[in-house]
Amino acid sequence: MSEAVIETNQLTKKLGNKMAVDRLDLRIGQGEIYGFLGPNGAGKTTTIRMLLGLIRPTRGTVRIFGRDLQKDRLSVLRRVGSLVEYPSYYGHLTAYENLEAVRCILDVPRSRIDEVLSVVRLTKEAKRPVKGFSLGMKQRLGIATALLGSPELLILDEPTNGLDPSGILEMRELIKSMPKQLGMTVLVSSHLLSEVEQMATQVGIIAQGKLIFQDSIEALRQHSGSRIRISVDQGEAAWKMLLASGIQAEWELTDANRLLLPHESDEQLARLVKLLVHNDISVYRVEEEKRSLEDMFLELTGGGDSL
Amino acid sequence: MWRFFRSELLKLRKSPIWLLVFVSPALSTIFGLGMRIAPEMEEMAWGMTYTMMAAPHGLLFLPLLTGVLSAFVCRYEHVGGGWKQMLALPVSRGTVYVVKFVWVIGLLLLTQCLLLAGLLAVGTVKGYSAAVPWDILVSSLVGGWVACMPLAALQLAVSVAWSSFAAPMAVSAIFTLPNILLVNSEKYGPWYPWAQPMIAMLSGAQQAEPGVLGVPPETLFIVILGSFIAFFLSGFVYFQRKMI
């Protein structure tokens, strides 16, 4: 794995009697989009607040860019952009002035404001007071603020919360483009597996304060045991053909023309579809049958005590 | 530090905080204008007008204003969730706290200057013939300002801790209203921090007596400095450790 940008060691936060975060060992490599996944109240935000020095860990350490956060907080934070939970804003100021208030502290050139405004497509709204903004626009302003200092690490807590579908899509594309264009590392938290799946390269799953899974997205797919469903016109012929090429397909109970295959790589699946089509079997649908996050949690936490 | 100060200026520039600064000097000026001075007292006109204006200001308005201003400089952070954004920026909590405090006392100093301007305006309108007693006026106004610092320190601590705007106001009112009784008490007045702005502002003008209410200035100095250190340090340390 590439050099670690974030590395926590036994990071723990006790809130009252509850272990909000319990001995977390996060490791996030350079240039990754790390999807930090977990149900509400699992400790995602608490972890992120510790990563930003907003709260102190009860135990354990945080190292960012190889430096101890406690000791070098200011120099580390200079290279980090963040958006924690709902966006922060000064309602009586315009979008431009909001960014200017942060720019003063970061001491970056004024031209950065126009740059980040155009990245989140708020250039036209820049002169309006933020209190009149929709939640989506405030969220975009929050992203713009996070990007203002040209950070090497972007930490986004539930960035798509409260956005409409087009806003979610836009946010996802924006996040995906960051590491490619700017060499950034991104940590993005979410309670939606589908969302994380569409943008993350690495995934960490937290439940009840404990990290129960941390690996690449591919490994998660394997682990989650998602299956491929193929609908064809001749179920039996297709089943035999697949069996002949070494794939044990299952019949779907309700419909004999639907076959369920174990998770395959893209190349292998393409070969199978080709095989079916070449043998004059009509392929109606090829879909991935995903299991819900809840199912996966049940499995990962060994059942019973999840969510 | 300076960069953060400018960031605060940007936030406060477009806020109604500037109007608050004018309220007490304007009211006091009206009191001053309404006052009649007998011709034989003409020599002492400045001192008398100043006392008339400074009494309600020092007794009630200035301590209350200290509370309002402290709550105000924290208000936008509480309302818009600005604390977590601000403290995730490369700025230390110590800087944040000190700059907020400097803004509060800076605005209080502005209020004192406006009160002086109001007094000069009253004197000019009424055509006082005596020379302006600059040394007494300036030392009294600065004294009142310094005496506000412990109050500002406590109010800032309360304002940082509570996200409600009303709670610090209530604290301010609860401590300020007893002034009306305590300021006349020789026994308790000199020891009560909220009475200090009034005492400091009026002691200079009544120079005939040594000290105030028979209490030497050293006592007042100890009360002001002691309570300032206690309040400021507790607020400062609390803010360092606060969970955002």
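Which residues does B:Asn179 touch, not counting residues up to four places away in sequence? Select B:Asn179 and look around: the residues it touches are B:Leu59, B:Pro63, B:Tyr192, B:Trp194 and B:Ala195. Keep in mind as you go that this is a predicted model.

**Stop 1: around B:Asn179**

Is B:Asn179 buried or exposed? It counts as buried because its relative accessible area is 0%, under the 20% cut-off.

Along the sequence, B:Asn179 and B:Ala195 are 16 residues apart, yet in space their C-alpha atoms are 5.6 Å apart. Show the side chain of B:Asn179 too: it reaches the backbone nitrogen of B:Ala195 at 3.3 Å.

**Stop 2: where chain B meets chain A**

Zoom out and color the two chains separately. How many residues of chain B are in contact with chain A? There are 29 of them, and they contact 33 residues of chain A. The area buried between the two chains is about 2900 Å², with 58% of that coming from carbon and sulfur atoms. Pick out B:Lys84, B:Gln85 and B:Pro90 next: together they supply 23% of the area that chain B buries against chain A, more than any other three residues.

Polar contacts are worth a look here as well. Across this interface, 17 residue pairs are in polar contact, counting pairs with both residues at pLDDT 80 or more. H1(B) gives the most, with seven residues. Sorted by class, that side of chain B has 11 nonpolar, eight polar and 10 charged residues.

For charged partners, the count between chain B and chain A is two salt bridges. One to select is A:Asp107 with B:Arg3, whose side chains meet at 3.7 Å, N to O.

**Stop 3: B:Ser7**

Finish by selecting B:Ser7, which sits in helix H1 of chain B. What does B:Ser7 touch, leaving out residues up to four places away in sequence? Its contacts are A:Ala101, A:Cys104 and A:Ile105. And why does B:Ser7 count as buried? Its relative accessibility is 1%, and buried means under 20%.

Key: Residues are numbered from 1 along each chain as its sequence is written. Chains are lettered from A and ligands numbered from 1 in the order in which they are written. This is a predicted model: local features need pLDDT of at least 70, side-chain atom pairs count only at pLDDT 80 or more; totals for chains, interfaces and linings use all residues. Side-chain values use heavy atoms; hydrogens and water are left out. Buried means under 20% relative accessible area, exposed over 50%, partly exposed in between (1.4 Å probe, protein chains only). Contact means heavy atoms within 4.5 Å. A polar contact is a pair of N or O atoms within 3.5 Å; within protein, one must be able to donate a hydrogen and the other to accept it, and residues adjacent in sequence count only if both atoms are side-chain atoms. Buried area is the accessible area (1.4 Å probe) that two parts lose on being put together, summed over both. A salt bridge is a side-chain nitrogen of Lys or Arg within 4 Å of a carboxyl oxygen of Asp or Glu. Helices (H or I, at least four residues) and strands (E, at least two) are DSSP runs, numbered from the N terminus. Ala, Val, Leu, Ile, Met, Phe, Trp, Tyr, Cys and Pro count as nonpolar, Asp, Glu, Lys and Arg as charged, and the others, Gly among them, as polar.
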